[in-house]
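Please look over the points below with the model open beside you.

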Amino acid sequence: MGIQRSHAANIWVAINGNDNNPGTKDQPKLTIAAALRQARELRRLNDPSITNGINIILQGGEYVLDELLFIRPEDSGTSTSPIIIENAPGEKPVISGGAVVKGWKKASAYISGLPKEAQGKVWVAAMPEVGGCALLFRQLWVNGIKAIRARESNTDEEMSRILSVDKQQQEIWIPIPGSGLPKYPDQMEMVIHQMWAIANLRVKSITIKGNQAGLTFYQPESKIEFEHPWPPPVIDKGHKMNGNSAFYLTNSLSFLNRPGEWYEDMHTNKLYYYPRKGENMADAKVTAPSLETLVKVEGTMERPVSFVRFKGISFENTTWLRPSQKGHVPLQAGMYLLDAYKLKIKGTPGKSGLENQAWVGRPAAAVELSYANHTGFENCIFTHLASTALDYTRGTHDDEIKGNLFTDIGGTAIQIGIYSDEAFEAHLPYNPSALREVCTNEHIENNLVADATNEDWGCLGIGAGYVKGIRIEHNEIFDVSYSGISVGWGWTKAANAMSDNIIRANKIHHYAKHMYDVAGIYTLSAQPNSIIDSNYVDSIYKVSYAHDPEHWFYLYTDEGSSYFTIKNNWCPSEKFLKNANGPGNVWENNGPMVAESIKDAAGLQTPYQYLLKGIKVNPGNQPINH
């Protein structure tokens, strides 16, 4: 199919093209947006060339966007005449939101505030400008390898533990690092481990008392951090929680002391980098992300976007700026809290035992779709992305995500379905009168997720909120910080929008790299006629700073999970949790007794195993094997 279809219009795009060109192979367009406009006009005029569809064919190279690519209802295809945005045969086009950092010079003079071990070794460049202003960013890639935002602990296992939390003063006390602290926090952040989520807190002030330091934080995250009850920063008074919460400090010139680290000084508009061995900054390609979203496919409930597909495209270099602007305190699965507090008298009309309230927002995504159907992503690569990679947010149905690679993802790799809208309390069951709001009959198949959640550790390999008829099959997921696959939201046994979901024949291993209260496959709330079967789950990481070292599982049906059939899932032992489940769950033949044929068939099917080529497990801490 694709560009081989007869009577299909082909519009070619190349990085040396011109948008005034007709879009032929010999005279291609320069931008994808111009090609989309040409396709839109062909569709509007019902040109006979589009009988079997429109192919927008990208030659190889990097298509750097100044603004996101917006796909509208007018760009829709039909079942017999779809629109396909795809790679030219043998070519590897990249859609990028990156800005190249140029003009690197080795710093010869003494730099005030830089650790002595880095003096004379760092390189300096002016920060790239976008729209006449210095670019704010949180990620940096050098020759395609992610650099480390300067931090005071060299590894996660070396993280210190907090000493105390003063909720009234909104202050956290910590031991002063051996390398010391700067006199003023400047642009420093604290990243704190909180049970099943982390928080990013911008440091407002530092108070030194002996060998301890008290940190306060900016609003709005300070109020949220000290008022929200779940998940809390841990103070292990009873010695039952494996110690207090671990943390690290980041984003200060005073922490830039080892190869691979960088620091962006927003006061001087200078970027500092300590090169790794073998990196020549005179010819290195250094990329900072400038866009949060590369592609947005957005219709309306009445006028959705239909029959638009992507094939063979790479999506790279996005940013996510909320933590730098407002902090980031998540509830779960990366959904950040907008407001949260503990009820003085517990109980709500729908849940008598509920003792907290929470409202959440949704992180930005590199590729985002809403009110769309019969769309697809096949043989694409999602990499070097700061937050969510691919997100079907709401109002979608009959879409296919198949045969894609997700690697170096800061948040969740594949996300789908409504969680809680900002005005909708997170524990309320979502059950809209307009079922078209619900993501339905989606198929996520034969994708490889490797190295996701590498910034927001509480995110997921594949995460689904309120979904109906979803099929998650034959994916392989590894090197993730929290759970592999999570389906459901709401913590409720009540009737809601979810039903008929299938999680089948996936291979999940080397998960829970940083967070516990975790599982290879995790569910929430009632989901009638849903099935979890024939999956392979193995190799959870050993995390020394986890709040409860034994609170990890292969399969985990959490609050309200109801009407699931869980059968024939292979794992090394029967380490499962059924927490506050509702009725109707059936567990059958799960554990090491499952047939080898089921174990061997899980994960990528043979035509898609090429995705594993060159991809390795990040060793991190040694995983537990049973």
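1. Start at Ile84. Its bridge partner in β27 is Arg309. Strands are DSSP E runs of at least two residues, helices H or I runs of at least four, and both are numbered from the N terminus. Four bridges join β5 to strand β27 (residues 308-311), and the two run parallel. Two strands count as paired if DSSP finds at least two bridges between them.

2. A word on the basis. This is a predicted model: local features need pLDDT of at least 70, side-chain atom pairs count only at pLDDT 80 or more, and totals for chains, interfaces and linings use all residues. Residues are numbered from 1 along each chain as its sequence is written, and side-chain values use heavy atoms, with hydrogens and water left out.

3. Asn55 stands opposite Ile84 in β5. Strand β2 (residues 54-58) is joined to β5 by five bridges, again in parallel.

4. How many residues of strand β5 (residues 83-87) are buried? Five of its five. Buried means under 20% relative accessible area, exposed means over 50%, and partly exposed lies in between (1.4 Å probe, protein chains only).

5. Now turn to β35 (residues 381-385). Four of its five residues are buried, so the strand is largely enclosed by the rest of the structure. Three bridges tie β35 to strand β28 (residues 314-316), running parallel. There, Phe315 stands opposite Phe382. Four bridges tie β35 to strand β38 (residues 405-409), also parallel. In that pairing Thr383 stands opposite Thr407.

6. The aromatic residues deserve a look here. Phe310, Phe315, Phe377, Phe382, Tyr392 and Phe406 are linked by ring pairs into a cluster. Rings of Phe, Tyr and Trp (its six-membered ring) pair if their centres lie within 6.5 Å; planes under 30 degrees apart are stacked, over 60 edge-to-face, and the rest tilted. The structure holds 23 aromatic pairs.

7. Next, an open sheet. Ten strands pair in parallel in the order β4-β25-β32-β36-β39-β43-β47-β50-β53-β55. Its edge strands are β4 (69-71) and β55 (576-578), each pairing on one side only. The twist averages 15° from one strand to the next. For such angles, axes are lines fitted to C-alpha atoms, for helices over the stretch in contact, and the angles run from 0 to 180 degrees between N-to-C directions.

8. At one end of that order, strand β53 (residues 552-557) and β55 are joined by three bridges and run parallel. Tyr556 has Leu577 of β55 as its bridge partner.

9. Two lysines have charged ends over rings. Lys507 sits over the ring of Tyr536, 5.1 Å from its centre. Lys599 sits over the ring of Trp570, at 4.0 Å from the centre. The criterion is NZ of Lys or CZ of Arg within 6 Å of the ring centre and within 35 degrees of the ring normal.

10. Last, Glu279. It lies in the loop between β23 (270-273) and β24 (286-289). Is Glu279 buried or exposed? Glu279 counts as buried because its relative accessibility is 16%. Its side chain reaches the backbone nitrogen of Arg276 at 2.7 Å. Leaving out residues up to four places away in sequence, Glu279 touches Val142 and Tyr273. Contact means heavy atoms within 4.5 Å.

Notes
Polar contact = N/O pair within 3.5 Å; in protein donor to acceptor, adjacent residues only side chain to side chain.
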